[in-house]
Amino acid sequence: PRHLLDFQDWSPERLTAILDNADTMLQVLDRPVKKVPALQGLTVCNAFFENSTRTRTSFELAARRMSADVLTFAAGNSSVSKGESLRDTVEVLTAYKVDAYIVRHHAAGAAHLVARYSGKPVINAGDGRRAHPTQALLDAYTVRQEFGSLEGKRVAIIGDVRHSRVARSNAELLPMLGAEVVLCGPATLLPADLAALPGVTLCSNPKEAVRGAHAVMALRLQKERMNSGFLGSLQEYADVYQVNEALMAGAESGAIVLHPGPMNRDLEISGEAADGPRSRILQQVENGQAIRMSVLYHLLVGRD
Ligand code: CP
């Protein structure tokens, strides 16, 4: 595929090649000089229409580590605030001879539109509630790094599944790579249509969800995407669904804790679980840079 918008046109073999190449990228990042010439002469536009810490910074570093020029476009301080359309904005940026786009947007489908308006390869860095494919790749990579393989692994994803593009992308990707996914949350935050995905089950009981799990991912409660109350109170939510030491005691003995970030500490995840020995949350961040290098390389240079 020319773009990474979601996993629709991607085969397990190609996705595995991206994970494999991330091993090489981690080796580059371990060197004193963390730079290779792979993307020299190319310009990557980091187009962020919605806020981000991890995805924006790791894509910027990933492109720079491979010697690309990076044009950073943040909608918040741009003419988007004067009403300029997505199409006009992309046409302006493309006139600068941008070779590829990384797009974060609050609207589902925005990355597809950028692909159409620009005619350039596009990587979706999160569009509304729909997809966040590089996050799922770095999550899969982190589980694989821990256990050597994804085959037969059970990943429990607990929290605000309804508003989570991370949950949706993981529910598509992990089963393609041999893992089983259980999505868990209060019924109001658990869309039934996700049960139709192969290798995915839904469950409202977190104790059941973590039983046999090798990895437990807490999801942020996305208060900014909730129009109305979803539950009695946040405390009631935390009492039942918080990923903490007590819940993790019911998972596999070597199970790891994941969170895509940003975290609401002591709401969907306890501080102890976030910082404890099972936590791989900063490992996810570190792996994110290598995965994004691998994706950029794959799309802009070639697979090998
Ligand atoms: N996980 C994630 O996408 O984080 P940011 O919103 O900070 O990029």
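Student: At what angle do helix H5 and helix H6 pack, and how far apart are their axes?

Tutor: Helices (H or I, at least four residues) and strands (E, at least two) are DSSP runs, numbered from the N terminus. Axes are lines fitted to C-alpha atoms, for helices over the stretch in contact, and angles run from 0 to 180 degrees between N-to-C directions. In this predicted model, H5 (residues 133-147) and H6 (residues 165-176) pack at about 55°, with axes 8 Å apart. Local features here need pLDDT of at least 70, side-chain atom pairs count only at pLDDT 80 or more, and totals for chains, interfaces and linings use all residues. Residues are numbered from 1 along each chain as its sequence is written.

Student: Which orientation class does the pair H5 and H6 fall into?

Tutor: Angles under 35 degrees count as roughly parallel, over 145 as roughly antiparallel, 65 to 115 as roughly perpendicular and the rest as oblique. H5 and H6 are therefore oblique.

Student: Which residues of H5 and H6 make the contact?

Tutor: Two residues are in contact if their C-beta atoms, placed from the backbone, lie within 7 Å. H5 contributes Pro133, Gln135, Ala136, Leu137, Asp139 and Ala140, while H6 contributes Val166, Ser169, Asn170, Leu173 and Leu174.

Student: Which members of the largest nonpolar core touch the most other members?

Tutor: A nonpolar core is a set of buried Ala, Val, Leu, Ile, Met, Phe, Trp, Tyr and Cys residues joined through C-beta atoms within 7 Å. A residue is buried if 20 or more other C-beta atoms lie within 10 Å of its own, exposed if 12 or fewer, and partly exposed in between, with C-beta atoms placed from the backbone. The largest core has 87 residues, and those touching the most other members are Ala47, Ala140, Val155, Ala156, Ile157, Ile158 and Val216. Helix H11 (residues 281-300) gives the most to this core, namely seven residues.

Student: What does valine 155 contact beyond its neighbours within four places in sequence?

Tutor: Its partners include Val143, Leu174, Ala179 and Met217.

Student: Which peptide bond is cis?

Tutor: The bond from glycine 261 to proline 262 is cis, with omega near -10°. Proline 262 is placed in the loop between strand E9 (256-258) and helix H10 (271-275).
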